[in-house]
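Have a look at the chains first, then try each task before you read its solution.

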Amino acid sequence: MNGWSALERFLRTDPRDAGCAQAMELLHVYAELAAADRAAAGRRYPEVAAHLRACGPCEEDLEGLLAVIRPGGPTRLPG
Amino acid sequence: MSGAEVPGRGRASPDELDEDSRRWVQALGGTGAEREAAAARLHEMLLRAARAEAHRRSGQLRLSGPELDDIAHQAAADAVLAVMAKIGRFRGESRFTTWAYKFVMFEVSSKIGRHFWRDPAVSLEAGDWDRLPDRFGFEPSRESEWRDLAAALRRAVEEDLTGHQRRVFTAIVLAGVPLDALVAELGSTRNAIYKTMFDARRKLRASLAANGYLDDDPVRRP
């Protein structure tokens with residue numbers, strides 16, 4: 001990618017973008033859907049998918065959440 | 001920006017939860033020794049998640065083992081507080097553990113953002129337009145092709161953005177400050193800083209398009 005297209009991509013905004021607050025509110029729901037089928041999660045919540053494409057910190061939180069809920073993650077039941 | 005549909009706001013009844021989630025909610029919503037024991041187990045679980053997450057991000061950070069573990073401990077402790085405070089808002093639209101881990105991710109991000117400022121060389125105001133070519137991969141050998149675009153962008157930043165938008169743009173784009181670090185420094189929220197950048201990006205794109213530097217096509221659907 002050359003600089004021109006990198007800048008163009010950086011400045012491009014998607015009106016469907018849900019913003020961080022909504023994405024963070026739904027992140028656990030989105031993560032469980034994405035763990036099974038990432039494309040299906042994007043279809044169910046296109047506004048969140050649009051946000052995650054543009055927001056590095058929220059995308060990083062999703063990746064962390066996906067890593068931890070995978071089988072073998074640090075889950076433990078009470079009692 | 002638009003709003004996503006948020007699942008029902010009501011509190012889930014115990015019958016609506018999966019068995020594991022129901023046991024967590026029941027134990028953490030109890031009293032006395034049962035609640036304390038559940039909180040201790042929650043902390044243990046979230047600490048493991050926080051350590052895993054800090055380790056996962058260590059490649060991007062200049063952090064060593066003890067510092068990473070310190071961040072994990074702080075994040076786990078604050079995530080437990082968040083879960084305990086919000087347990088009444090858990091609606092069962094995911095497993096309880098997924099919901100609880102979400103707060104670990106937020107807290108790790110927040111702690112890493114704060115940690116950024118421990119480097120005394122970092123400055124919020126150190127925006128340097130000479131860094132723009134590196135930021136977007138403009139090749140020095142092709143400066144004649146991008147010089148005018150870079151000058152137009154600088155003009156748009158100086159003339160079209162509000163003072164706050166300019167400050168946020170300068171910090172993130174020119175000074176390389178991570179968004180969560182800027183949130184910590186300004187005492188703001190991730191959503192507010194992102195929205196500021198979103199609006200700034202839209203303005204800058206419109207300005208560059210109006211002056212013929214970019215196509216007038218603000219949205220390209222994936």
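**Exercise 1: Contacts of one alanine**

Task: find which residues B:A50 is in contact with, leaving aside neighbours within four places in sequence.

Solution. Step one: two residues are in contact if their C-beta atoms, placed from the backbone, lie within 7 Å. Step two: with that rule, the partners of B:A50 are B:A72, B:A75, B:A76, B:A79, B:V104 and B:V108.

A note on the model: it is predicted, so local features need pLDDT of at least 70 and side-chain atom pairs count only at pLDDT 80 or more, while totals for chains, interfaces and linings use all residues. Residues are numbered from 1 along each chain as its sequence is written, and chains are lettered from A and ligands numbered from 1 in the order in which they are written.

**Exercise 2: A cysteine in chain A**

Task: decide whether A:C20 is buried or exposed.

Solution. Step one: buried means 20 or more other C-beta atoms within 10 Å, exposed means 12 or fewer, and partly exposed lies in between. Step two: A:C20 is buried because it has 25 C-beta neighbours inside 10 Å. Step three: look at what A:C20 touches beyond four places in sequence, namely A:C55, A:C58, B:R190, B:N191 and B:Y194. A:C20 and A:C55 are 35 residues apart in sequence, yet 7.9 Å apart in space, C-alpha to C-alpha.

**Exercise 3: Where the chains meet**

Task: state how many residues each chain brings to the contact.

Solution. Step one: chain B gives 52 residues and chain A gives 47.
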